[in-house]
Amino acid sequence: MKIEILQTADGSNTLYLPELDETYHSRHGSRQEALHVFIQNGLQYYLEKHPEATEINLLEVGFGTGLNAFLTFQEMGKRPGTSLHYLGFETHPVPQEIWQQLNYATSASEKEAYCHLMEVPFGEKTRVASFFQLEKIQDPIQYLVLENQIDLVYFDAFGPRAQAEMWDKTIFEKLFKALKVGGVLVTYCAMGQFKRDLKSIGFHVEAIPGPPGKREMTRASKA
Ligand SMILES: C[S@@+](CC[C@H](N)C(=O)[O-])C[C@H]1O[C@@H](n2cnc3c(N)ncnc32)[C@H](O)[C@@H]1O
C-alpha cells in the first residue's frame with residue numbers, strides 16, 4: 001500500500017494512506033493529539049488515580065509510527081520507581097525507510113531512543129530501559145485473549161469510516177476482559193454508537209474535551 005509523509009499543523013509528521021484516504025493522526029497536530037489523548041488523559045490520568053502502581057501493563061491497538069510508544073517512553077523516564085510493559089498490536093508495521101524520515105525526535109538522544117523502539121523486533125519482549133519493556137505483536141487485535149492483565153489501553157485504530165471492523169463491539173468486549181478492575185481505555189473517537197457500545201459492555205464512559213480541532217474524546221474505565 002502506498003504511504004505518504006505529511007506535515008500536520010503543529011509541525012510534526014503523520015502518514016497518509018491514499019487508498020483509504022486516511023491519516024495516522026489528526027492533521028491539526030499529530031504530536032499534540034497523541035500528548036492530549038494518550039499521555040495526558042490516559043497515562044498521566046491512570047498514574048494519578050493509582051499512585052501506588054509500580055508496574056503498568058499498557059496495550060496499544062495500532063502501534064503504527066511508534067509515536068505513542070515514544071511519548072510514553074519519555075513520560076516514564078520522568079517517573080523513577082515505576083516501570084511499564086508496552087504491548088503493541090500492529091498488522092502492518094511501518095517500513096524502516098518511512099519511519100526513519102519522521103521528525104518525532106528533536107535531539108540526537110531522542111533520535112537514538114526512537115530508533116531503538118522502532119528497531120525492536122516483532123514477537124520478542126525487549127527491555128529498552130530499566131523502566132520500559134516493549135513487546136510488539138504482529139497480529140490483529142481480534143486475536144487478543146488476555147484476562148485481567150492490562151492497566152491501560154491506547155485504542156488508536158483508523159477511524160470508523162476507513163476501517164469499520166475495528167470499532168466492532170466484540171473488540172471492546174475482548175479489551176474489557178483484558179483490563180484489570182480499575183483499568184482505563186482512551187481513544188480519540190467520540191461517536192455516539194461507540195460510547196453506547198462501551199456502556200453496554202460495562203465500561204464507565206466519560207466524554208472529555210478533545211485535542212485542538214476535536215470537540216470530544218472518550219475515556220472508559222472498568223469500574
Ligand atoms: C491510526 S493508525 C496508527 C496510529 C499509531 N498509534 C501511530 O501513532 O502511528 C492505525 C494503525 O492500526 C493498524 N491496524 C490495522 N488493523 C489492525 C488490527 N486488526 N489490529 C491491530 N492493528 C491494526 C494499522 O496498520 C495502523 O498502523
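Predicted model: local features only at pLDDT ≥ 70, side-chain atom pairs only at ≥ 80, totals over all residues.
The protein chain holds six helices and 11 strands. Its C-alpha trace spans about 45 × 40 × 30 Å along the principal axes. The radius of gyration is 16 Å. For 223 residues, a compact globule would have a value near 17 Å, so the chain agrees with that expectation. Of the 223 residues, 37% are buried.

The largest nonpolar core comprises 47 residues. Within this core, Leu58, Leu117, Leu152 and Val153 touch the most other members. Helix H1, residues 30-49, gives the most to the core, contributing six residues. The contacts of Leu117 can be listed individually. Leaving aside residues up to four places away in sequence, Leu117 touches Gly66, Ala69, Phe70, Phe73, Val128 and Leu134.

Helix H5 covers residues 169-178, and its buried residues are Phe172, Leu175 and Ala178. Viewed down the axis of H5, these buried residues fall within an arc of 115 degrees, and they therefore line one face of the helix. Several elements cover the buried residues of H5. Among them are three strands, E4 (55-61), E8 (150-155) and E9 (179-187). Helix H6 (192-201) is also included in this cover.

Two residues call for comment on backbone geometry. Most residues other than glycine have a negative phi. Aspartate 21 has a positive phi, near 50 degrees, and is not a glycine. Aspartate 21 sits in the loop between strand E2 (13-17) and strand E3 (22-23). This aspartate counts as exposed because it has 9 C-beta neighbours inside 10 Å, and the cut-off for exposure is 12 or fewer.

Asparagine 148 is placed in the loop between strand E7 (132-137) and E8. With 11 C-beta neighbours inside 10 Å, asparagine 148 therefore counts as exposed.

Methods
Residues numbered from 1 in each chain as written. Buried ≥ 20, exposed ≤ 12 C-beta atoms within 10 Å, placed from the backbone. Helix = DSSP H or I, 4+ residues; strand = E, 2+ residues; numbered from the N terminus. Arc of directions from axis to C-beta. Contact = placed C-beta atoms within 7 Å. Rg over C-alpha atoms; globule rule 2.2 N^0.38 Å. Core = buried A, V, L, I, M, F, W, Y, C linked by C-beta atoms within 7 Å.
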